[in-house]
Amino acid sequence: MGRKGRQVFLGGLSPQTTVDDLRKLFAEIGGITYVTVWKDRETGEPKGAGKIEFETDELAKRAVEFVRAPPANGTISFATVFADSNTGHLDIQYDKATDWLVARQKLSQDWPATLQGIRAKASAILVDESSSAEDWDYFKVKEMNELLQKSQDSKEKTVLKQVLDEYSSSGTHFAEAVRSLARTVRHEIPATKMQVQQCQKHLQDAEVRHKDWSRREVEATRRLKEMCDGQGIAGGDYGAELQDSVSKGVPKLLESAASKIASGCPEALRFYTTFTRSLTSGEAGADEDAM
């Protein structure tokens with residue numbers, strides 16, 4: 001940074017704050033080269049803002065951090081380092097942005113009352129049973145106005161144009177933007193972070209389950225291969241190969257069983273044969289007496 005990087009803009013100063021007060025407040029930082037409290041050229045009244053310059057960029061950054069610490073918060077609303085170029089970035093606490101706008105005379109001190117009046121005018125034509133005045137901020141009014149531009153002239157169209165003009169002339173649309181930013185930072189971002197954490201947890205759980213099922217799949221595949229190898233099945237078409245194995249194996253199994261019965265217990269086989277013949281034919285064989 002150049003010289004501007006050593007300069008700190010101070011806002012939200014009380015009307016009683018003097019140059020000496022600022023020097024004493026930042027004496028702990030050290031390296032102060034210049035201090036001013038801005039005043040209105042016509043009235044000589046303090047503007048509630050000022051500037052302090054330090055010897056180095058690092059001291060300027062420390063001064064901003066010091067303002068954001070509790071001891072200084074009651075004296076100065078906010079502080080930001082002047083940039084060497086217009087980067088479009090402002091180092092301001094979001095909850096102090098309205099104070100910054102007031103100090104830069106972008107908003108009047110009584111902007112809340114002005115905003116209330118503008119919203120009342122907008123709600124008179126926009127609010128119905130399904131909404132309230134709080135639902136209609138600058139951005140929604142602007143969106144509605146853009147939609148009405150495509151329609152014929154009407155009372156609503158005229159009033160919305162007046163409302164937008166009042167927003168712009170009073171600078172209260174900046175306040176609406178700050179409120180939207182604060183709502184995003186305080187509620188929507190934390191809620192989104194929580195959802196992200198939940199999604200990450202679900203993803204981790206899913207990865208654990210995926211690994212478990214992958215392990216089970218490997219084990220099941222190994223056992224299936226062992227069973228197929230035991231039955232002489234290659235595994236190309238399990239259904240066809242299993243049916244072919246059964247159609248060939250069952251007759252052989254029956255033949256082997258019959259052979260073992262015939263050789264192992266011939267008398268029992270003869271008795272069973274004679275008995276079944278007598279039941280089917282009603283005639284006794286030559287061995288009838290044996291029964």
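Predicted model: local features only at pLDDT ≥ 70, side-chain atom pairs only at ≥ 80, totals over all residues.
Residues are numbered from 1 along each chain as its sequence is written.

Helix H7 (residues 155–170) comes up in both pairings; helices here are DSSP runs of H or I with at least four residues, strands are E runs of at least two, and both are numbered from the N terminus. With helix H6 (residues 138–148), H7 packs at an angle of about 140 degrees, the axes lying 10 Å apart. Axes are lines fitted to C-alpha atoms over the stretch in contact, with angles from 0 to 180 degrees between N-to-C directions. H6 and H7 are therefore oblique to each other (under 35 degrees is roughly parallel, over 145 roughly antiparallel, 65 to 115 roughly perpendicular, and the rest oblique). Residues of H6 that meet H7 include Tyr138, Val141 and Leu148, and their partners in H7 include Leu160, Val163 and Tyr167 (contact means heavy atoms within 4.5 Å). By class, this contact of H6 with H7 has eight nonpolar, one polar and four charged residues.

Helix H5 (residues 111–126) also packs on H7, at about 165 degrees and with axes 10 Å apart. That makes H5 roughly antiparallel to H7. On the H5 side, Leu115, Ile118 and Ile125 are among the contacting residues, and on the H7 side Val159, Leu160 and Glu166 are among them. The contact of H5 with H7 counts nine nonpolar, three polar and four charged residues.

As for the second largest pocket, 15 residues line it, with Lys47, Gly48, Val102, Ala103 and Gln109 nearest its centre. A pocket is an open set of points on a 1 Å grid over the protein atoms alone, where a 1.4 Å probe fits, with protein on both sides within 12 Å along at least five of seven lines; lining residues have an atom within 4 Å of a point. Strand S3 (46–54) and helix H4 (97–103) each supply at least two lining residues.

Methods: Heavy atoms only, no water. Nonpolar A, V, L, I, M, F, W, Y, C, P; charged D, E, K, R; others polar.
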